[in-house]
Amino acid sequence: MLISGGGSNLRALLDAADNPLFGARILAVGADNPADGLAHAEHYGVPTFVVSPNAFSTREEWAAMLLEHVEFFNPDLVVLAGFMRILPPNFVEALTPNLINTHPSLLPNFPGAHAVRDAINAGATKTGVTIHVVDNGVDTGPKITQREVEISPEDSEAELHERIKVIERELLVATVKQIAGKQIILSEIK
Ligand code: GRF
């Protein structure tokens with residue numbers, strides 16, 4: 001798994017995977033910065049790594065080093081959960097379709113880093129969560145699953161995002177379980 005922030009989605013998956021019946025193990029957690037969420041992995045004794053873009057002169061060189069760290073663990077699936085960097089083709093093409101992302105909007109509506117704020121500012125009455133296969137675009141890959149979340153007129157960005165995350169964490173855990181159990185075949189998602 002790759003994160004950038006607090007890692008509540010990561011934590012949900014770590015907690016779920018702690019049950020041997022879950023069908024998947026979290027092999028490692030990586031980040032682009034010393035993210036708070038890495039503490040969740042440490043709590044479960046899961047290896048962590050940080051590969052900061054600041055240490056590299058190009059995005060491709062950073063991504064190549066990130067990929068080297070990911071491939072060291074030989075994962076069946078890589079999950080981006082609040083990873084706030086655009087991954088270049090040299091990374092994406094080495095892993096997809098076994099590379100998925102969770103995004104807090106009903107894509108294709110509101111792609112990008114401010115999806116929750118954008119939905120509020122657009123006066124939308126509903127938004128939601130999308131889990132999709134990562135391609136070379138920004139939040140444009142083939143959708144695996146979506147759930148709707150109502151927007152209340154008085155919602156702040158933070159309040160709405162927290163409500164979205166409740167649904168998002170459940171959906172991510174269920175989706176990873178289905179992928180592990182081969183109820184979802186990522187190579188068939190178009
Ligand atoms: C999630 O809502 C994810 O969709 C978005 O950033 C948030 C990360 O939350 N890209 P957390 O770090 O998992 O709590």
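A polar contact is taken here as a pair of N or O atoms within 3.5 Å; within protein, one must be able to donate a hydrogen and the other to accept it, and residues adjacent in sequence count only if both atoms are side-chain atoms. The structure is a predicted model, in which local features need pLDDT of at least 70 and side-chain atom pairs count only at pLDDT 80 or more, whereas totals for chains, interfaces and linings use all residues. Residues are numbered from 1 along each chain as its sequence is written, and side-chain values use heavy atoms, with hydrogens and water left out.

A polar side-chain atom of K165 lies 2.8 Å from an oxygen atom of the ligand, and an N or O atom in the side chain of S8 is 2.6 Å from a ligand oxygen atom. For T102, a backbone N or O atom is placed 3.2 Å from an oxygen atom of the ligand. Of the 370 Å² of accessible area that the ligand has on its own, the protein covers 90% (Shrake-Rupley method, 1.4 Å probe; for residues, only the protein chains shown count as cover).

The residues around the ligand (one heavy atom within 4 Å) include G6, G7, N9, H103, H161 and E168. Helix 6 (157-180) is among the elements that each supply at least two residues of this shell, and its three residues form the largest share (helices are DSSP runs of H or I with at least four residues, strands runs of E with at least two, numbered from the N terminus).
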